[in-house]
Amino acid sequence: MIEQAANNTTDEVVAELKRRSAFVMVSHVKPDGDTLGAGLALGLALKRVGKRVHYFQQDPVPRNLRFLPETEFVARELPADLPADALWVFGDMSSTSRAGEYLPALERANILDIDHHLGNDHFGAFNYVIPTECSTGTVVMHLLRGLDVAVDRDIATLILTTIMTDTGGFMHSNTTPEVLDLSAELMRVGADKEQITEEIFANKRPAALALLAKALDTMRFEHDGRYCYSAVTEAMLAQTGADGEDTEEIVNHLRSMDGVEVSALFKAFDDEIRVSLRSRGRVNVQAAAARLGGGGHFRASGLTFHGTLDEAFAGVDAALVAEGL
Ligand code: AMP
Ligand code: MN
Ligand code: MN
């Protein structure tokens with residue numbers, strides 16, 4: 001267990017960003033629009049003030065995020081001449097393990113942790129974690145203001161993408177008046193909300209809907225209909241021609257039915273079982289996921305289960321019941 005370090009102030013983090021000359025922005029495995037958009041936005045801003053910036057991400061950029069500026073520079077490899085005192089900036093993850101197995105060993109002194117998850121480990125020498133923010137991108141906004149970098153069209157597009165990803169297109173309860181104010185400001189400087197909506201939410205392949213149909217066809221209900229879950233298996237992917245990226249929205253559909261308080265999608269492929277959990281707001285699915293080694297937010301969390309699919313069904317059910325389902 002890493003010793004908990006305190007959060008730094010905006011001024012302290014901005015001073016550190018100014019002091020360093022090279023940066024590696026790190027996003028989490030199976031990247032989403034928040035981890036990627038937040039890292040690219042801060043990276044772009046640092047480039048604008050003359051810094052050297054690289055982007056490290058274990059997995060490829062998902063198809064629906066390739067429209068974002070800077071994604072052509074995202075890679076798993078890093079240059080051999082990377083300065084030893086480069087600052088590694090982790091965005092949108094509770095622990096460094098979420099960056100994957102290709103991450104080199106790092107000294108804590110060179111780590112900045114920027115996040116909005118409950119239960120973030122404060123694993124950096126510098127920590128800037130604000131759980132009340134809707135996205136890591138809106139956490140980054142505070143730093144951009146401190147750095148005094150003008151928010152141009154590209155940076156605005158990246159930040160609005162983080163917001164639209166983590167608010168589910170302004171549908172989730174984290175969509176506060178402040179979030180809508182900031183989004184309006186970002187649109188005024190050129191972020192194209194229509195384009196972001198189309199690229200992120202309306203860009204599905206037919207295979208994704210074929211997979212959704214299979215998952216809906218095999219969904220099950222428990223606890224008087226308050227819990228709905230389904231699974232995606234290797235066989236279902238093979239039958240539909242879909243891949244992991246095509247599973248994104250399924251868990252939200254399972255939770256969209258009247259009376260369902262919690263939904264779960266069990267993704268049993270690639271030699272592991274990853275579970276996505278969603279809550280309507282009464283049951284804390286972050287706490288349920290944490291019981292099984294995962295994490296996330298009150299209403300959206302995830303975990304990797306070690307065992308068989310049937311054991312995963314039973315284990316997640318028990319964790320949800322323990323959290324009041
Ligand atoms: P997902 O269901 O993959 O969209 O993830 C929902 C939320 O849970 C996100 O905030 C993730 O960062 C978090 N999460 C997903 N998987 C894990 C995991 N294995 N460990 C910790 N947090 C996770
Ligand atoms: Mn994320
Ligand atoms: Mn996020």
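A donor, in the sense used here, is an N, O or S atom within 2.8 Å of the metal; water is not among the atoms, so a site may look incomplete. In this predicted model, the manganese ion (ligand 3) and the manganese ion (ligand 2) are 4.0 Å apart, and Asp92 coordinates both.

**The manganese ion (ligand 2)**

- Three residues coordinate the manganese ion (ligand 2), namely His28 through NE2, Asp32 through OD and Asp92 through OD, at 2.1 to 2.3 Å.
- Along the chain, the donors of this ion follow the spacing H-x3-D-x59-D.
- Both His28 and Asp32 are buried.

**The manganese ion (ligand 3)**

- The protein donors of the manganese ion (ligand 3) lie 2.1 to 2.2 Å from it and belong to Asp34 (OD), Asp92 (OD), His116 (NE2) and Asp166 (OD).
- Their spacing in the sequence is D-x57-D-x23-H-x49-D.
- Asp92 is found in the loop between β4 (87–91) and β5, while His116 is found in the loop between β5 and β6, so this pair ties together parts that are 24 residues apart in sequence.
- A residue is called buried when its relative accessible area is under 20%. Asp92 therefore counts as buried, at 3% relative accessibility.
- His116 likewise counts as buried, because its relative accessibility is 2%.

**The surroundings of ligand 1**

- Ligand 1 is surrounded by 13 residues, and the closest are His117, Ser276, Arg278, Ser301 and Gly302.
- The side chain of His117 places a polar atom 2.9 Å from an oxygen atom of ligand 1.
- In the side chain of Ser276, an N or O atom is 2.6 Å from an oxygen atom of ligand 1.
- Gly295 takes part through its backbone, where an N or O atom lies 3.3 Å from a nitrogen atom of ligand 1.
- On its own, ligand 1 has 480 Å² of accessible area, of which the protein covers 76%.
- Two or more residues of the shell come from each of the elements β10 (272–279), β11 (295–296) and β12 (300–305).
- Of the elements around ligand 1, β12 gives the most to the shell, with five residues.
- Sorted by class, the shell around ligand 1 holds nine polar, two nonpolar and two charged residues.

- Most residues other than glycine have a negative phi.
- Glu70 is located in the loop between β2 (52–56) and β3 (74–75).
- With a relative accessibility of 9%, Glu70 counts as buried.
- His122 is located in the loop between β5 (111–115) and β6 (126–129).
- His122 is also buried, because its relative accessible area is 14%.

Methods
Residues are numbered from 1 along each chain as its sequence is written. Chains are lettered from A and ligands numbered from 1 in the order in which they are written. This is a predicted model: local features need pLDDT of at least 70, side-chain atom pairs count only at pLDDT 80 or more; totals for chains, interfaces and linings use all residues. Side-chain values use heavy atoms; hydrogens and water are left out. Helices (H or I, at least four residues) and strands (E, at least two) are DSSP runs, numbered from the N terminus. Buried means under 20% relative accessible area, exposed over 50%, partly exposed in between (1.4 Å probe, protein chains only). Donors are N, O and S atoms within 2.8 Å of the metal (3.2 Å for Na, K and Ca); water is not among the atoms, so sites may look incomplete. A residue is near a molecule or strand if one of its heavy atoms lies within 4 Å of it. A polar contact is a pair of N or O atoms within 3.5 Å; within protein, one must be able to donate a hydrogen and the other to accept it, and residues adjacent in sequence count only if both atoms are side-chain atoms. Accessible areas come from the Shrake-Rupley method with a 1.4 Å probe; for residues, only the protein chains shown count as cover. Ala, Val, Leu, Ile, Met, Phe, Trp, Tyr, Cys and Pro count as nonpolar, Asp, Glu, Lys and Arg as charged, and the others, Gly among them, as polar.
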